[in-house]
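Let's take a walk through this fold, one piece at a time. Have the model open and follow along.

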Amino acid sequence: GLLALANAMKSIGDVTVIAPDKNWSISGHSKTVRKPIKVDNIKLDGNIPAIAIDGTPTDCVILSYLGLIETPIDLVVSGINPFANMGSDLTYSGTVTAAMEAIVWGIPAMAFSLNGTHQKIDSLNYDTAGLVAQSVVRKVLKNGLSKEILLNINVPDLAIDEIKGYRITRQGKRIY
């Protein structure tokens with residue numbers, strides 16, 4: 001998911017990838033406070049420069065804002081999570097809470113997730129989600145986004161030509 005998102009964002013502008021070095025699903029809005037955070041320069045898929053940290057998704061945003069990168073941050077784009085983030089689950093999602101942390105620091109932010117299933121985990125349509133992310137980010141950059149609004153975008157796990165449009169909603173409750 002991260003690779004698809006990075007590739008989609010490259011056509012829009014300069015991209016700096018900073019991500020945890022492991023999965024932080026269901027981590028919530030956690031921060032590292034009692035240990036040093038290790039930072040490594042790596043390459044995604046062999047050609048996309050990235051920074052991997054042994055901290056949380058929230059730490060990625062904080063470190064970026066506090067000087068890990070020199071370039072000012074115009075927008076934080078988090079994801080692509082393999083499963084939908086809806087309702088109350090937003091507070092548990094590392095993908096969404098990274099975007100939440102950007103809002104705390106006054107940076108416009110959005111989180112992208114696929115509405116995938118565990119049965120199909122090896123064949124999720126990350127490229128579709130990347131194209132949707134590209135479209136949404138272009139609109140946000142063109143029209144602006146309030147620094148108080150976090151966009152949480154869930155993309156159906158479909159081919160791009162099967163996506164019928166976009167629907168804007170408010171956060172609700174998720175009932176299992």
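Strand E6 gives the second largest pocket the largest share of its lining, namely seven residues. Strands here, like helices, are DSSP runs numbered from the N terminus (E, at least two residues, for strands; H or I, at least four, for helices). Bear in mind that this is a predicted model, where local features need pLDDT of at least 70 and side-chain atom pairs count only at pLDDT 80 or more, while totals for chains, interfaces and linings use all residues. Residues are numbered from 1 along each chain as its sequence is written, and side-chain values use heavy atoms, with hydrogens and water left out.

Back to that pocket. Its volume is about 1,200 Å³, and 34 residues line it, with Asn152, Ile153, Arg167, Ile168 and Thr169 nearest the centre. A pocket is an open set of points on a 1 Å grid over the protein atoms alone, with protein on both sides within 12 Å along at least five of seven lines, whereas a cavity is a set of points where a 1.4 Å probe fits but cannot get out; a lining residue has an atom within 4 Å of a point. The points are joined across faces, edges and corners, and the volume is the space filled by probe spheres set on them. Helix H4 (126-143) and strand E6 (150-156) each supply at least two lining residues. By type, the lining of this pocket splits into 18 nonpolar, 11 polar and five charged residues (nonpolar: Ala, Val, Leu, Ile, Met, Phe, Trp, Tyr, Cys and Pro; charged: Asp, Glu, Lys and Arg; polar: the others, Gly among them).

E6 also belongs to a sheet. This open sheet has three strands in the order E4-E5-E6, with parallel pairing, where two strands pair if DSSP finds at least two bridges between them. E4 and E6 are the edge strands, each pairing on one side only. Neighbouring strands are turned by 15° against each other on average, direction ignored. E4 and strand E5 (residues 109-115) share five bridges in the parallel sense, and serine 78 has alanine 111 in E5 as its bridge partner. H1 packs on this sheet, touching E4 and E5, at about 140° to the direction of E4. H3 packs on the sheet too, touching E4, E5 and E6, and its direction makes about 170° with that of E5. (Contact means heavy atoms within 4.5 Å; axes are lines fitted to C-alpha atoms, for helices over the stretch in contact, and angles run from 0 to 180 degrees between N-to-C directions.)

Isoleucine 26, in the loop between E1 and E2, has a positive phi of about 60° although it is not a glycine.

Now for the other sheet. Three strands make an open sheet ordered E1-E3-E2, with mixed pairing. Strand E1 (17-20) and strand E2 (39-44) are its edges, each pairing on one side only, and the twist averages 35° from one strand to the next. E1 runs parallel to strand E3 (residues 48-53), joined by four bridges; valine 17 has alanine 50 in E3 as its bridge partner. Helix H1 (residues 2-10) packs on this sheet as well, touching E1, E2 and E3, at about 135° to the direction of E3. Helix H2 (residues 57-68) lies across E1, E2 and E3, running at about 140° to E1.

Last, the charges. There are four salt bridges in the structure (a side-chain nitrogen of Lys or Arg within 4 Å of a carboxyl oxygen of Asp or Glu). One of them joins glutamate 101 to lysine 31, with the closest N and O atoms 3.7 Å apart. Glutamate 101 lies in helix H3 (residues 94-104) and lysine 31 in the loop between E1 and E2, so this pair ties together parts that are 70 residues apart in sequence.
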